[in-house]
Amino acid sequence: MLQQQDALNENIKVARVVFHEITESSIKRALQTPRRINSNLINAYLARRALDYLIGFSISPLLWRKLPGCQSAGRVQSAALALICDRETEIDQFNPQEYWTIGAEFSGTRSNASGRSTISSHLTHFNSKRIDQLSISSKAEAVAIQNKVNSSKFEVIGVKRSKIKRNSPMPYITSTLQQDSANKLHFSASYTMKLAQQLYEGIKLSDKESTGLITYMRTDGMHISSKAAEDINSFVQERYGVHFASKVVRKYFKKVKNAQEAHESIRPTSIRRLPSTVAGILDEDSLKLYTLIWTKTMACQMEPALIDMIQVDIGSTDGDVVLRSVGSRTNFSGYQAVYKDREAGVDASTCEEDDSIVGTLGALHELKVKDSLSLVKLDLSQHYTQPPSRFSEGALVEILEELGIGRPSTYASIIKVLQDRSYVTIKNRVLHPQFRGRMVSEFLSHHFSEVANYSFTADMETELDNVSAGTTEWKGLLANYWSRFIQYCKLASDAHIHQVEKMVEEKFGHILFSSLPNDSRVCPSCEEGKLRFKVSRFGSGYFIGCDQHPKCRFIAGNVFNDEEEITDPEKSELFPNKLLGLSPDTNEKIFLKNGPYGHYVQLGDDKTGRTPKRSPVTEGTATDSLTLEDAIELLGIP
């Protein structure tokens, strides 16, 4: 741009420097190795921005007209909303199934100083058939098995010992940091990125100059620079011993779909800066996040943990019943040692693994094939299958990353936008789609199926990566997409508001009309019309009203209240028109009614071409005790 404006003379050279951490050595090194500006990367940025503008600025005005109060839609935002709403639909359609599990406790033939130990087990085979989750579907079946088990004698029919490796974890990238921060520290994605930004920009340590504590935090690259990896490996040997350090410097590569890997993984700028050394300098939350990053970075260059496993199969002497007991014990803690390093300032809440020892391991270790066992206790437990879980912030970030939707820099902002637009709300750290959000998602999937499709957004990321690699021409990419997209816009623009109302009603009728008595949608006022979902022609409201309007003006209830929050349809109640009496002056009927803005009294019937006199009921007035005299007084107010 400066060259186009002749703002640069021949003596001025323009170059780009690249650094991944704000430390003196990193910035000096970057200044010593400048490079030319990469026009392919600029074109990819221009294409991404133009694409987001084309989609957002084209769909959003349509939403304003077709679904008033729904503020915006975007390329990545709409795919994320579709994920949340599709999961809610799965939950709505889920039918739980009953199943039973059978557990047993046995005592061995051998005793120790503390008495005879018990061995817990679970049923795996009955009548030579493997027991799956839904194999036992009723109490009668469970009781039949119980009777068989109680009348059988048991012995050990198999013992299997093994050693397994629990590999050290991979270093953090943006998505995994947000997931762990949400799961372990209960931080939101946006709050995690705010703290990480502060750690990256730098903290003043004692009398020294300010220095960055972590590398750049918006990254999908898992690699660690060779020098940093060697330093980590060396520090592990110093702190925990040679056996705990990885034999060779571990290198991690792309595991994420469409990863650009422009930056290193997230790590401390100096691994020797223990969390305990910055405990008095960082605030509590920043320290927790730094500790999380430090421990993960140390662990990624350490040896795997070795676990001793033992599996014992217990069978009836006739071979009809088989139960299994499993135990484990950590033989060599390996990388798990860093999560127990209290001296370094590591808190138990940041522990990566649960390496608890199963209590029955000792008893299992003593058993041999043909050892007799006595049944001590049998437990029958009833269960029901559970619907798929709603997304937490961490789980949503994980699925977005898995599908290749969005970029590390956008995960937190996507969730924030969905909340700000009242499309999604967070309750108990779980994302719940609001009815407004479900309407938007259905509108987009109906009229803009390509935009709401997960694979489209992921494939577009691949195309944009091709632009940054110089293999795709960015204006051609946009022209190709726009020729299809403009047709969607035209069809959606031509859709009548009644078509939109019908679409919403067909998709969400089970929610909208769930509170109607006897599932009857006959209008209780005129007894001729049918109750339907309607979009208010004024403002941004949605309500359930009679389809005989304007002949019948009955309104059963509002979908949104004045603050545009969603009212719970399960708690909403119909309020039929109530006849209070006749006016002493005109002999017209006086009604108590409920409208979009609350209760009101009305003089006379609804008639075409004439608006009857109405007056709102004072806020706080008990409508069930409102009398004819009160209504006459309200109607007398100018």
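Reply: D92 is partly exposed, with a relative accessible area of 36%; here buried means under 20% relative accessible area, exposed over 50%, and partly exposed in between, using a 1.4 Å probe and protein chains only. Those areas come from the Shrake-Rupley method with a 1.4 Å probe, and for residues only the protein chains shown count as cover. Please keep in mind that this is a predicted model, in which local features need pLDDT of at least 70 and side-chain atom pairs count only at pLDDT 80 or more, while totals for chains, interfaces and linings use all residues. Residues are numbered from 1 along each chain as its sequence is written, and side-chain values use heavy atoms, with hydrogens and water left out.

The partner of D92 is R438, and their side chains meet in a salt bridge at 2.8 Å, N to O. The term stands for a side-chain nitrogen of Lys or Arg within 4 Å of a carboxyl oxygen of Asp or Glu. D92 sits in helix 3 (residues 75-93) and R438 in helix 12 (residues 435-447), so this pair ties together parts that are 346 residues apart in sequence. Helices (H or I, at least four residues) and strands (E, at least two) are DSSP runs, numbered from the N terminus.

By the same rule, the count comes to 25 salt bridges. Another of them joins E303 to R250, with the closest N and O atoms 3.9 Å apart. E303 lies in the loop between helix 8 and strand 7 (305-316), and R250 in the loop between helix 7 (226-240) and helix 8, so the two tie together parts that are 53 residues apart in sequence. E303 counts as buried at 16% relative accessibility, whereas R250 is partly exposed at 25%.

Next comes E505, which forms a salt bridge with R521, the closest N and O atoms being 2.7 Å apart. This pair links distant parts of the chain, 16 residues apart: E505 belongs to helix 16 (residues 497-512), and R521 to the loop between helix 16 and strand 12 (531-535). E505 is buried, with a relative accessible area of 10%. Elsewhere, salt bridges that share partners join R48, D52, R75 and E461 into one network.

Now for the cysteines. A disulfide is a pair of cysteine sulfur atoms within 2.5 Å, and the count by this rule comes to zero. The sulfur of C523 is 3.7 Å from the closest cysteine sulfur, in C552, which is too far for a bond. C526 has its closest cysteine sulfur in C546, at 3.7 Å, again too far for a bond. C523 is buried at 1% relative accessibility, while C526 is partly exposed at 25%.

Helix 5 is worth a visit too. It has 12 residues (174-185), and at 1.5 Å a residue these should span 16 Å; the end C-alpha atoms are 15 Å apart, which agrees. The expected span is 1.5 Å times one less than the number of residues. Helix 5 is mostly covered, with nine of its 12 residues buried, including T174, L177, A182 and L185. Its buried residues pack against helix 6 (189-201), helix 8 (284-299), helix 10 (393-403) and helix 11 (411-420), where contact means heavy atoms within 4.5 Å.

Just after helix 5, H186 takes a positive phi of about 60 degrees. H186 lies in the loop between helix 5 and helix 6 and is partly exposed at 49% relative accessibility. K370 also has a positive phi, about 85 degrees, although it is not a glycine. You will find K370 in the loop between helix 9 (361-366) and strand 9 (372-384), and at 59% relative accessibility K370 counts as exposed.

One last stop is the surface. I12, V14, I37, I42 and Y45 make a nonpolar surface patch of about 460 Å². Patches are made of residues with over 30% relative accessible area and no salt bridge, like charges being joined within 9 Å and nonpolar side chains (Val, Leu, Ile, Met, Phe, Trp, Tyr) within 5 Å. I12 has its place in the segment before helix 1 (24-32) and is partly exposed, with a relative accessible area of 44%.
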